[in-house]
Amino acid sequence: MRRFAVIAVACAAVYFLAIPFAFRGSPYILSVLTNAAIAAVISSGVWLTFAIGRINIAQGAFCMIGGYATAVLTTRYGVPFWICLPLSGLAAAAFGALIGWPLLRLKGVYFSMISLSLTEAVRLAFLNGGKLTNEASGIVGIPGPGAVSIAGIELIPAFDGSSPLPFYYLSALLLAGTLLALWRIMNCRIGWVFRSLRLNEELASSMGVNVAAYRVLAFSLSSFIGGVGGSFYAVYQQNIYPASYTVTDSMNYMLYCFLGGLDYVLGALVGAFTLVLSFELLHALQTYQTLIYAGIMILAMLLLPNGIISFPMFHGGRAASRGGGR
Amino acid sequence: MEDLLGAISLQTLVNGLVTGSIYALIALGLTLIFGIMRVVNFAHGQMYMLGAFAVYYLYAEAKFNYVLALVLAIVLVGIVGYLFEVLLFRRVMRVATREENTMLLAMGTAILLENGALLAFGEKQRGVPPLIDGVLRIGEAYLPYSRLLVTVLALLLVAVLILFVRYTRTGRAMRALAQDREAACLQGVNVDRLSALGFAIGAALAGAAGGLLVTVFAINSGAGTAVSVKAFTMIMLGGAGVIAGAILGGLTLGFAEAIGYEAFPGSITYLIIFIGLILFLIVRPQGILGKPER
């Protein structure tokens with residue numbers, strides 16, 4: 001446990017200090033890392049629905065809801081970003097709870113197929129949203145986060161867009177916060193209830209677990225994370241369109257978890273960074289980029305069917321332990 | 001005014017039958033693979049796209065006879081499906097500890113096919129000229145002979161598949177495998193051979209649908225995902241793994257689409273279809289003809 005804490009602090013130090021210092025002259029690399037970090041946040045939400053045994057291909061829908069919530073609140077009502085961020089998460093979570101209550105009764109491939117349709121349905125809803133969503137032209141010119149000051153002392157300066165560092169740090173903080181929260185959840189009673197749902201819902205129910213309520217809890221937590229990620233992206237990109245999140249995006253968020261490993265909280269992070277960074281590295285290969293990317297995915301499934309973290313090297317040669325929360 | 005309404009509805013029904021019968025073909029392929037292997041083939045739409053492009057190149061570019069081009073396209077996509085099963089799915093199913101692993105693999109193959117197609121065929125929208133000239137008049141509705149032909153071909157393929165699954169030895173073994181994998185194994189059913197064959201037939205059906213529908217709607221390399229989403233809608237509606245359910249789901253979606261496009265502007269049709277699907281699944285999670293999940 002202490003070893004784990006030391007490693008975590010070391011990683012955080014590298015990510016918060018060494019990397020920004022080393023790449024201070026290259027905004028491109030910092031923006032790629034920002035993207036990877038938020039992709040990791042969003043797919044951590046999907047990871048949580050995996051923990052209860054549901055394959056969630058709807059995360060794009062919740063990012064979209066979060067993104068539009070932020071876009072509408074900041075551009076139409078002048079609400080500051082720092083208030084929009086949690087509000088967007090809550091909006092996504094509320095929708096998640098509402099739609100999750102009936103849909104989570106479906107299992108396995110049925111749930112994954114309907115969640116896929118949900119992504120498409122939400123996209124079409126925003127596309128036909130009239131004046132509220134501006135239809136296909138989307139909402140552009142979303143203002144960046146403003147300054148926050150308490151009693152005249154400026155705690156957070158306004159993001160002026162001249163440096164990629166503020167967004168880099170914000171994404172890193174969101175990622176750290178999400179991982180800590182997930183780790184905490186998975187190591188307390190709720191986490192064990194979630195795992196019991198994945199292993200056997202009937203048995204859990206017979207032990208007195210309110211299966212439906214916990215399913216909805218996990219799903220709305222996942223949606224909350226998706227909404228926060230979507231809110232960040234909307235402000236980071238300064239715009240949002242109905243085409244911002246498609247079925248492909250929802251599938252990608254799910255794939256990151258898969259490829260990282262479903263048995264570990266860090267799975268989504270490992271998968272997201274591996275795939276987002278390798279996709280960027282392959283950029284030099286131009287037209288063959290996505291083709292090779294698909295090849296990597298297929299090879300990973302053939303060679304590491306239980307995720308990158310299950311690679312024996314990370315366990316000192318031991319086989320990966322199953323069902324742990326680390 | 002009443003005449004106009006009547007014409008719209010008859011024309012709509014004709015249009016619905018054309019797309020519905022081909023959609024049934026798409027859903028059949030997906031449900032066959034799902035029934036036999038418990039794999040949701042996310043690359044199903046890409047197989048459709050491949051079949052459509054094969055027909056485009058053979059029929060419109062190389063000037064082959066249409067039926068010959070269609071048969072070649074079906075065989076080609078069938079071989080792709082066969083190779084996927086033998087080279088990829090079989091291996092992953094052997095080592096995977098979660099059944100979801102095959103889903104990731106299927107998505108990987110979908111991305112592979114889509115980008116391969118983008119490189120090979122480009123981004124352009126491709127359509128083929130009508131197969132036969134002339135239009136059939138049914139009362140107030142018009143049905144081009146070309147569309148009539150592809151509809152008949154689609155219904156013919158559906159009939160052949162049903163006869164095959166129902167009355168041949170191999171078809172019976174496939175149904176047994178779908179019903180109870182272990183019991184089928186114990187009775188000496190060769191699972192490996194049948195899985196490969198089932199995947200090949202399922203893919204071939206998607207390819208056939210693509211080859212048929214390319215005469216009605218133009219195709220492009222990126223069309224696959226949308227077709228997959230439609231295919232999922234159909235089998236969820238009808239019940240996954242059930243042959244009759246797939247046909248019912250395909251026809252239902254075909255008619256719903258035709259009526260929706262007539263009644264609402266643009267993309268609202270599919271929004272309504274998805275909302276309807278979600279509401280329907282709340283009432284009946286296993287679909288119209290599906291068996292409840294154990």
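Start with both chains on screen: 35 residues of chain A are in contact with 38 residues of chain B. Keep in mind as you click around that this is a predicted model.

Now select the chain A side of that interface. Helix 4 (81-103), helix 5 (108-127), helix 10 (247-260) and helix 12 (289-303) of chain A are the elements that each give two or more residues to the side touching chain B.

Next stop, a helix pair within chain A. Select helix 7 (residues 189-199) and helix 9 (residues 211-237) of chain A, which pack with their axes 10 Å apart and at an angle of about 110°. Angles of 65 to 115 degrees count as roughly perpendicular, so that is how helix 7 and helix 9 of chain A sit relative to each other. Show side chains here: from helix 7 of chain A come A:Val193, A:Phe194 and A:Leu197, and they meet A:Val211, A:Tyr214, A:Arg215 and A:Ala218 of helix 9 of chain A. By class, this contact has six nonpolar residues, no polar ones and one charged.

Last, go to the hairpin. Strand 2 (residues 148-150) and strand 3 (residues 153-156) of chain A pair in the antiparallel sense, over three bridges. Click A:Ile150 and you'll find its bridge partner, A:Ile153, in strand 3 of chain A. Two residues lie between the strands of this hairpin, and A:Ala151 takes a positive phi near 50°.

Notes: Residues numbered from 1 in each chain as written. Chains lettered and ligands numbered in written order. Predicted model: local features only at pLDDT ≥ 70, side-chain atom pairs only at ≥ 80, totals over all residues. Contact = placed C-beta atoms within 7 Å. Helix = DSSP H or I, 4+ residues; strand = E, 2+ residues; numbered from the N terminus. Axes fitted to C-alpha atoms, helices over the stretch in contact; angles between N-to-C directions. Parallel < 35°, antiparallel > 145°, perpendicular 65-115°, else oblique. Nonpolar A, V, L, I, M, F, W, Y, C, P; charged D, E, K, R; others polar. Pairing = 2+ DSSP bridges.
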